[in-house]
Amino acid sequence: MEGVIDMPKAKYEPIYHAIRDEIESQEIKFGDFLPSENDYVARFKVSRNTIRRALSILTSEGFLLPRHGRGVQVIWKPLTDMALFTIGGIESFSEAAYRNQKTYRTEVITFREIISDKSTCRLTGFDVGVELYYIERRRIIEDKPVVFDTNVFLKEETPGLTKEIASDSIYKYLEDTLGMTITTSRRRVTAEPATKHDKEILDLDHQDFVLTVTGQVFNSNGVMFEYTQSRHVPNHVCFVESAVRQKIS
């Protein structure tokens, strides 16, 4: 694509994904200790700092716990089959489906380009007058509609988005084609009464509320490139967070 620079991913990323895959597939089980840093240096042929960066991210996401004098222990347990999506990391819909070994598809309901006005600015945080992609998608797992996504992307940071990309994986396009590094997300989670539109779009069965996740996502340049609102069928999502207790003396 003209004007797009193919940027290499950070060295720690494939190591992070390889170790995370081994944990989630339970090749390395809950309670096990990881191989030593020296073992990983020899395996991946990278520096010790690169290994530490990958392990640090897995620790911050609640997969690992460093134990002084003993090593790094796995503290992640698989979720129940009902909880397909976690709130606490930055994970795409396709990644969540793959992690749970579920068949999935995405239906693009709306895809258009808009100019941010004052109302859009108040809702999303984007500046007035910037060009945006506005996308609505229905997410389907095992033939059941479980998420209704409304995504707004800053066109300047996400050039070349299409309806076809939106029906597959936007994050895959941003990372693999544009070379973007997605770093930070600020999210707000609320339980809200299901609207008539929710009931038409989602497979709510007899449930009368949805779990709504609203967030702003930033890249490694500190630019907010996405605003999103995801309305979830409640029994398919859970909150997962790793926290450190700060003792007050």
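Glu107 stands opposite Arg138 of strand 5 in this predicted model. The two strands concerned, strand 4 and strand 5 (residues 131-141), pair in the antiparallel sense, and 11 bridges connect them. They belong to an open sheet of six strands, whose order is 4-5-6-9-8-7 and whose pairing is antiparallel. At its edges lie strand 4 (104-115) and strand 7 (182-193), each of which pairs on one side only. When direction is ignored, neighbouring strands of this sheet are turned against each other by 15 degrees on average.

Strand 6 (residues 144-154) of this sheet contains Thr150. With a relative accessible area of 12%, Thr150 counts as buried because this value is under the 20% limit. Neighbours within four places in sequence set aside, Thr150 is in contact with Tyr134, Ile135 and Glu136, and also with Tyr227, Thr228 and Gln229. Of these contacts, Tyr134, Ile135 and Glu136 fall within the residue range of strand 5 (residues 131-141).

Strand 1 (residues 64-67) and strand 2 (residues 71-74) run antiparallel and are joined by four bridges. Leu65 has Gln73 of strand 2 as its bridge partner. The two strands form a hairpin with three residues between them, and Gly69 in the turn has a positive phi of about 80 degrees.

Is Trp76 buried or exposed? Its relative accessible area is 15%, so Trp76 is classed as buried. Apart from neighbours within four places in sequence, the contacts of Trp76 are Ile23, Glu24, Phe30, Gly62 and Phe63. Trp76 and Ile28 are 48 residues apart along the chain, yet their C-alpha atoms are separated by 9.9 Å.

Helix 1 has 13 residues and reaches 18 Å from its first C-alpha to its last, close to the 18 Å expected at 1.5 Å a residue. Just after the helix, Gln26 takes a positive phi of about 65 degrees.

Leu55 touches Ile19, Leu34 and Leu64, residues up to four places away in sequence not being counted.

The protein as a whole has eight helices and 10 strands. Of its 249 residues, 42% count as buried. The protein exposes about 14600 Å², of which carbon and sulfur atoms supply 49%. Among contacts between residues at least 6 apart in sequence, 60% join residues at least 24 apart.

How values were computed
Residues numbered from 1 in each chain as written. Predicted model: local features only at pLDDT ≥ 70, side-chain atom pairs only at ≥ 80, totals over all residues. Heavy atoms only, no water. Buried < 20%, exposed > 50% of the residue type's maximum accessible area, 1.4 Å probe, protein only. Contact = heavy atoms within 4.5 Å. Pairing = 2+ DSSP bridges. Expected span 1.5 Å × (residues − 1). Areas by Shrake-Rupley, 256 points an atom, 1.4 Å probe, with all protein chains shown as cover. Axes fitted to C-alpha atoms, helices over the stretch in contact; angles between N-to-C directions.
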